[in-house]
Amino acid sequence: AIASVKHALAKAELPVPNGPFEIAEGNPKTALVLFPGLDDSGNLIQTGTLEDLCLTTVENQPMLDCVDAFLSCCKDVGADMRHRHKMKLHTYLAGHDKFVGKKIGEAAQAGAWDWDHSRMKPFKQLLCAL
C-alpha cells in the first residue's frame with residue numbers, strides 16, 4: 001500500500017513522503033497515512049481499518065462485550081461476516097441513542113470517539129503540522 005501511494009504521488013508529480021505519517025515538503029505539502037495507524041510504540045499496524053481505529057478509542061467501554069456477543073450470535077446463525085469491522089462499529093453506535101443511525105463521520109462529529117486516545121495522536125500531529 002505504501003509503495004502504491006508513493007508511486008501515485010510521483011506519477012502525479014507531487015512531493016513523495018518517505019513513509020507513513022511523514023510530510024514531504026513542497027507545494028503542496030503531501031503526507032500519507034494508513035489506517036488503522038500506528039501502535040503505541042510508533043510502529044505501523046499492518047492490518048485494520050478506520051473502523052478498527054475508531055473502536056480502539058473506546059476499547060474500555062463495557063458495551064463492546066455486548067457487541068462481541070451479539071456478533072458471535074450472528075455468526076452462529078450463519079450471518080455473512082465479510083465486513084465484520086463495519087458490523088461491529090455500527091452495532092456499537094446502535095447501542096447509544098445519541099449515535100444510532102449515524103455514519104462514521106457523523107458519529108465522530110457527535111463525539112462517539114475518544115480524540116484524546118493515544119492512537120489518535122499521530123493523526124492529530126500530522127494534521128497540525130500540515
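This is a predicted model: local features need pLDDT of at least 70, side-chain atom pairs count only at pLDDT 80 or more; totals for chains, interfaces and linings use all residues.
I number residues from 1 along each chain as its sequence is written, and I use heavy atoms for side-chain values, leaving out hydrogens and water. Local features need pLDDT of at least 70 and side-chain atom pairs count only at pLDDT 80 or more, while totals for chains, interfaces and linings use all residues.

Entry, pair search. I searched the whole structure and found three aromatic pairs. Rings of Phe, Tyr and Trp (its six-membered ring) pair if their centres lie within 6.5 Å; planes under 30 degrees apart are stacked, over 60 edge-to-face, the rest tilted.

Entry, Phe21 and Phe123. I find this pair edge-to-face, at 5.0 Å centre to centre with 80° between the planes. Phe21 sits in the loop between helix H1 (2-11) and strand E1 (23-24), and Phe123 in helix H6 (residues 121-129), 102 residues apart. Helices (H or I, at least four residues) and strands (E, at least two) are DSSP runs, numbered from the N terminus.

Entry, Phe35 and Phe123. I list the pair as stacked because the ring centres are 5.4 Å apart and the planes are at 15°. Phe35 lies in the loop between strand E2 (30-31) and helix H2 (50-56), so its pairing with Phe123 ties together parts 88 residues apart in sequence.

Entry, accessibility. I take buried as under 20% relative accessible area, exposed as over 50% and partly exposed as in between (1.4 Å probe, protein chains only). Phe21 is buried at 14%, Phe123 is buried at 11%, and Phe35 is partly exposed at 38%.

Entry, cluster. I note that ring pairs link Phe21, Phe35 and Phe123 into a cluster.
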